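Colleague: I'm new to reading protein models. Could you walk me through this one, a few questions at a time?

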Amino acid sequence: MSTRLRRTVLVAGLAVLLVGATAGPAAAHAIGTGTAASNYRTTVRGIDQGRPGLSVRSLAGGQLELTNHGPEVLVLGYRLEPYLRVGPDGVFENQRSPSAYTNRFATTPATIPSEFDPKAAPEWRRTGDGPSAVWHDHRAHWTGPDPPAVKASPRVMHVVVPGWEVPLSQGDRTMVVRGTITWVPGPSPWPWALTAVALFAAALAAGGGYRRPRALAVVALAAVAADMVHTAGVLLASTAPVSVELYGTATSAAGWAVAGLAAWRLLRGKADTGLLYLLLGGVFLTLAGALPDLPALARSQLASGLGPVATRAAITFTLGLGAAMVAAGIAGFRAPHRSEPAGVS
């Protein structure tokens, strides 16, 4: 089999793998391990009738985290049914609660299956061993269209929900978590977009298009480093199970491996196969590492354990350098065939 035919078969096989791998995890990188970027900020103001050892805080995407070091507390659902139990024995979810079904979705579903009955006897399932519960609560985040005030003045801060409430129960004592939802305008994305274009042009210039393989190896390693920083921030902010986190980062990890292989081949002077891996690694990093999280460049509330500037910079570097990898790989793949040194496979 000729070298060009082997390259063609390899491209076809990896392209099929790429399409299958990025169908789910590319979106999960932004949502499954954390939440999508937004301009709506959820704030917890306090707990009416709260007791020592009980606290609630807001996390990214309207998630709430309740920590209870005292007697067991019930979180009541949207129909005031028992939804969560949080106490010294761990965290339990009522499998018959309509809220348990509703909270599986980013927006409130139109219908709820009949087996989720607020009047049914609770069926408790342990979901955690510690004293803290994290859940996605539709009462504490904005999912509808932007309200008229925001549409009229999108660059101005607006309090869109002045008082959301989540009721709690502890024995015969009733408590209420109260908070607000505020529209916080995001930054302009144009400086970041221009930076990505500049990085793209600089990387291609440094690589001489496709003629300087060692420079392109540095570009590939820099793109991998940027996406690793971005992914680390997502994981630091994530409250998802480990299995979901692994699923959400699978495509990025594949991109790191392929881009690393490209750098290794290019540094060894094996440009033909190195450029092929560079192309594929760039596609993985761009599709899975940068494009799903582009809204973060223009949003104020980011699901990342890093600061917003570091998060946006990591996305920008991944986008600009990843796109340069794709362009250089395509240029090299389409260039007239160059024989590799004798003895190189």
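Here is our conversation about the structure.

Modeller: Happy to! This is a predicted model, in which local features need pLDDT of at least 70 and side-chain atom pairs count only at pLDDT 80 or more, while totals for chains, interfaces and linings use all residues. Residues are numbered from 1 along each chain as its sequence is written, and side-chain values use heavy atoms, with hydrogens and water left out.

Colleague: Is glycine 46 buried, partly exposed or exposed?

Modeller: Glycine 46 sits in strand S1, residues 40-48; strands (E, at least two residues) and helices (H or I, at least four) are DSSP runs, numbered from the N terminus. Buried means under 20% relative accessible area and exposed over 50%, with partly exposed in between, using a 1.4 Å probe and protein chains only. Glycine 46 has 25% relative accessibility, so its class is partly exposed.

Colleague: Which residues does glycine 46 contact, leaving aside its neighbours within four places in sequence?

Modeller: Contact means heavy atoms within 4.5 Å. With those neighbours set aside, the partners of glycine 46 are Val176, Val177 and Arg178.

Colleague: What is the bridge partner of threonine 67 in S8?

Modeller: Strand S3 covers residues 63-68 and is joined to S8 by five bridges. For threonine 67, the partner in S8 is serine 132.

Colleague: Are helices H6 and H7 roughly parallel or roughly antiparallel?

Modeller: H6 (residues 213-237) and H7 (residues 242-267) pack at about 165°, with their axes 8 Å apart. Axes are lines fitted to C-alpha atoms, for helices over the stretch in contact, and angles run from 0 to 180 degrees between N-to-C directions. Angles under 35 degrees count as roughly parallel, over 145 as roughly antiparallel, 65 to 115 as roughly perpendicular and the rest as oblique. H6 and H7 are therefore roughly antiparallel.

Colleague: And H6 with H8, roughly parallel or roughly antiparallel?

Modeller: Helix H8 spans residues 271-290, and its axis comes within 11 Å of that of H6, crossing at roughly 25°. Among the residues that meet are Leu216 and Ala220 in H6 and Leu275 and Leu278 in H8. By that angle, H6 and H8 are therefore roughly parallel.

Definitions and conventions: Two strands pair if DSSP finds at least two bridges between them.
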